[in-house]
Amino acid sequence: MKKSLIRVRMSSSDAHYGGNLVDGAKMLQLFGDIATELNIIHDGDEGLFVGYEKIEFLAPVYAGDYIEAEGEIIKVGNTSRKMSFEARKVIRPLPNINDSAAELIESPIIVCRATGTCVVPKDKQRYEVS
């Protein structure tokens with residue numbers, strides 16, 4: 001099936017709670033961007049995200065962390081596209097060393113997983129569903 005991947009750095013404006021903790025909704029925003037890309041690749045249209053079946057927040061995300069989010073279409077219906085998503089922390093800051101120290105995480109930390117469904121109406125599908 002088709003896959004999509006993005007990598008972004010969480011900024012201080014993403015931090016919503018004390019200790020520079022990033023709101024979990026930020027991961028869902030990344031998943032939404034991935035879903036849009038997957039719909040465009042698959043159907044030539046952005047489609048509509050209709051809902052999540054499951055969301056798991058597994059580890060905290062902080063300002064300065066680099067998050068790699070990936071998604072794929074796992075099932076194609078007539079108009080529905082079921083997708084799975086995973087977000088991983090791949091780089092973290094090391095403020096105890098100095099203000100600009102950071103490290104690549106050897107084994108990325110899974111911070112969030114989800115499955116959800118998008119719909120692309122038949123009249124908006126520009127490519128043949130295979």
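Biologist: What is the order of the strands in the open sheet?
Modeller: The order is 1-5-6-7-4, in an open sheet of 5 strands with antiparallel pairing. Strands here are DSSP runs of E with at least two residues, helices are runs of H or I with at least four, and both are numbered from the N terminus. Two strands pair if DSSP finds at least two bridges between them. Before we go on: this is a predicted model, so local features need pLDDT of at least 70 and side-chain atom pairs count only at pLDDT 80 or more, while totals for chains, interfaces and linings use all residues. Residues are numbered from 1 along each chain as its sequence is written, and side-chain values use heavy atoms, with hydrogens and water left out.

Biologist: Which strands stand at the edges?
Modeller: Strand 1 and strand 4 (48-57) do. Each has a single partner strand, so one side of each is left without a neighbour in the sheet.

Biologist: And how many bridges join strand 5 and strand 6?
Modeller: Strand 5 (residues 66-76) and strand 6 (residues 80-93) pair in the antiparallel sense over 10 bridges. In that pairing, I73 stands opposite M83 of strand 6.

Biologist: Now the inside. Which residues touch the most other members of the largest nonpolar core?
Modeller: M27, I67 and A87 do, out of 19 residues in that core. A nonpolar core is a set of buried Ala, Val, Leu, Ile, Met, Phe, Trp, Tyr and Cys residues joined through side-chain atoms within 4.5 Å.

Biologist: Which element gives the most to this core?
Modeller: Helix 1, with 6 residues.

Biologist: What is A87 in contact with?
Modeller: Leaving aside neighbours within four places in sequence, the partners of A87 include M27, F31, I67 and I109. Contact means heavy atoms within 4.5 Å.

Biologist: Is N39 buried or exposed?
Modeller: N39, which sits in helix 1, is buried, because its relative accessible area is 0%. Buried means under 20%, exposed over 50% and partly exposed in between, using a 1.4 Å probe and protein chains only. Not counting residues up to four places away in sequence, N39 touches R81, M83 and C118, among others.

Biologist: Let's switch to rings. How many aromatic pairs are there?
Modeller: The structure holds 4. Rings of Phe, Tyr and Trp (its six-membered ring) pair if their centres lie within 6.5 Å; planes under 30 degrees apart count as stacked, over 60 as edge-to-face and the rest as tilted.

Biologist: Why is the pair of Y52 and F85 called edge-to-face?
Modeller: Their planes are at 65 degrees, so the pair is edge-to-face, with the centres 6.4 Å apart. Y52 is in strand 4 and F85 in strand 6, 33 residues apart, so to speak of the chain, the pair links distant parts. Y52 counts as partly exposed at 28% relative accessibility, whereas F85 counts as buried at 3%. Together with F31 and F49, these two form one aromatic cluster.

Biologist: Last topic, the loops. Where is S13?
Modeller: S13 is in the loop between strand 1 (3-9) and strand 2 (15-17). With 65% relative accessibility, S13 counts as exposed. Its side chain makes a polar contact of 2.7 Å with the side chain of S11. A polar contact is a pair of N or O atoms within 3.5 Å; within protein, one must be able to donate a hydrogen and the other to accept it, and residues adjacent in sequence count only if both atoms are side-chain atoms.
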